[in-house]
Amino acid sequence: MPRNTLLRQLLEERHLTTYKAFEVQFSRTARRLATEAGDPRLASVVVSSRQFDRWMSGELKQLPRPDTCRLLEELLGRAARDLFSSAPADPSPASSLPANTLPAAPAFPVTDNEDPAAIVARARQLTCGNADEATLAFLSSQLDMVTERYEQDGPHILWGEAKSLHGLGHTLLVGQQPPAARKELFRITARAGGLLGYMAVNTGAFPLAEAYCAEALELSRAIGDLDTELWAGGTQSFAAYYAGRYAEADVRAAAALDRAPDHPQAIRLLVNGRARALSKLGDRNQAERAIGRAMDLSDRYDAVPGLTSCISFLPYGRARTLANALTARVALQDTGHVLRDAEYLDGLVEQSDSAWSRSLVRLDVATAVLQQEAPDVEHAMSLGRQAITLASPLPISSVRQRSRDLYERAAPWWSRPAVREYGEQLRAWGCQLPPAEAG
């Protein structure tokens, strides 16, 4: 029969009687103590399954190595020499009590070697962690800074800062935090990964975008953060759209919408996700239905006026919703609607700090001008050149793609000087032009 040591008793109380469960907690303790003590060697200390089985059976001729003892003491809150000694007998076994009878409280402590300081230390260990309120507030402010600066500095400048924030979140999560702090740290790390996923789309790194968005989804679901989960789902749809996988973009957005059809994030899922993808697929009725629903939700939630940052976690406002609807209706060749909405948006877009938004709206309008019964080629190419000039300092994949699309739309007029000039500017910007370019 196995000898009942205090170690075995404490592991049973903590439900750590399997090697796998024990090893997870022991390794976590080793990493945390290595960081706190500034002793990296502790993080490499391991206990084999055979050694664990011997401990559980009470087979021990001498104490483990000092580093192992130190980690066991940290994990269980008792001195190693006590852990491997016989556990005190229970003076009042439950099996000897009559039914419906509670054991009387003992007049003296159950054991004579309980350490009051250790009891307090265990409680403090559970309520303390490596991420206090000030640290969490700082990390949250860094998230806000990246979203606020994104359209001025772009993904190439801000990638490193977002990557550092994401890495720090992971480093802290390896340690210990009380529940509320840990939940906030999950949220911050999920959003930092989401930002990296969005930036990866803007630089054309679609597999990387998928990986970061998948991580953001998993972390946000683990804490029930629906806001971040829906935003990450919207970014997956956004990535599929710019990778040219329009059916997938619609499926991704629709799946996220099913989770919460009336959520503020549903605005983006409807107009940036479903409407634009459905328009590319030629489904006019469903695209218009998605646009209408998005506009209704924008009005219901009274989202912030003006153009929010494209990467923001805030709900889409009316201006951002209309700008996305504009792109959908260009694909549907709804020229009159595009030009009317563009006129309404003109003031909001021109007042914004977003060079990308001003560039993309110009490209949409230029395409619509070419779709008219009487195309104004010179005006369209002028708008295209303005769009390239605006976006040149901070190029992103969406502007590059729509700039090429405009040039392809102008194929019947490639021999005209205005189109040739636009093509030269596009080539100088580094965009690959269709092989059938005239001249």
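A residue counts as buried when its relative accessible area is under 20%. In the predicted model described here, Thr335 has a relative accessible area of 13% and is therefore buried. Thr335 belongs to helix H15, which spans residues 335-351. Leaving aside residues up to four places away in sequence, the contacts of Thr335 are Ala368, Gln371 and Gln372.

For the protein as a whole, 49% of the 439 residues fall in the buried class. The secondary structure consists of 19 helices and zero strands. The accessible surface amounts to about 21,400 Å², and carbon and sulfur atoms account for 53% of that area. Among contacts between residues at least 6 apart in sequence, 69% join residues that are at least 24 apart.

Two further buried positions were examined in the same terms. Ser220 is located in helix H9 (residues 206-222). Its relative accessibility is 0%, so Ser220 is classed as buried. When residues up to four places away in sequence are not counted, Ser220 is in contact with Ala190, Asp225, Thr228 and Glu229. Leu363 is part of helix H16 (residues 355-371). With a relative accessible area of 1%, Leu363 is likewise buried. The contacts of Leu363, again without residues up to four places away in sequence, are Gly384, Ala387, Val399, Arg402, Ser403, Leu406 and Tyr422. The C-alpha atoms of Leu363 and Gln386 are 8.9 Å apart in space, while the two residues are separated by 23 residues in sequence.

Gln333 is found in the loop between helix H14 (318-331) and H15. At 47% relative accessibility, Gln333 is partly exposed. Most residues other than glycine have a negative phi. Gln333, although not a glycine, has a positive phi of about 60°.

Helix packing is illustrated by H2 (residues 19-37) and H4 (residues 66-76), whose axes come within 9 Å and cross at roughly 100°. Angles of 65 to 115 degrees count as roughly perpendicular, and H2 is therefore roughly perpendicular to H4. On the H2 side, the contact is made by Phe22, Gln25, Phe26, Thr29, Ala30, Arg32, Leu33 and Ala37. The residues of H4 that meet them are Thr68, Arg70, Leu71, Leu72, Glu74 and Leu75. By class, the contact of H2 with H4 comprises eight nonpolar, three polar and three charged residues.

Aromatic side chains were considered next. A pair of aromatic rings is described by the distance of the centres and the angle of the planes. Rings pair if their centres lie within 6.5 Å, and by this rule there are 16 aromatic pairs. One of them is formed by Tyr150 and Tyr198, with 6.2 Å from centre to centre and 85° between the planes. Planes over 60 degrees apart count as edge-to-face, and the pair of Tyr150 and Tyr198 is accordingly edge-to-face. Tyr150 lies in helix H7 (residues 133-174) and Tyr198 in helix H8 (residues 179-202). The pair thus links distant parts of the chain, its members being 48 residues apart. Both Tyr150 and Tyr198 are buried. These two tyrosines belong to one aromatic cluster together with Trp231, Phe238, Tyr241, Tyr242, Tyr246, Phe313 and Trp356.

Technical notes
Residues are numbered from 1 along each chain as its sequence is written. This is a predicted model: local features need pLDDT of at least 70, side-chain atom pairs count only at pLDDT 80 or more; totals for chains, interfaces and linings use all residues. Side-chain values use heavy atoms; hydrogens and water are left out. Axes are lines fitted to C-alpha atoms, for helices over the stretch in contact, and angles run from 0 to 180 degrees between N-to-C directions. Helices (H or I, at least four residues) and strands (E, at least two) are DSSP runs, numbered from the N terminus. Angles under 35 degrees count as roughly parallel, over 145 as roughly antiparallel, 65 to 115 as roughly perpendicular and the rest as oblique. Contact means heavy atoms within 4.5 Å. Ala, Val, Leu, Ile, Met, Phe, Trp, Tyr, Cys and Pro count as nonpolar, Asp, Glu, Lys and Arg as charged, and the others, Gly among them, as polar. Buried means under 20% relative accessible area, exposed over 50%, partly exposed in between (1.4 Å probe, protein chains only). Accessible areas come from the Shrake-Rupley method with a 1.4 Å probe; for residues, only the protein chains shown count as cover. Rings of Phe, Tyr and Trp (its six-membered ring) pair if their centres lie within 6.5 Å; planes under 30 degrees apart count as stacked, over 60 as edge-to-face and the rest as tilted.
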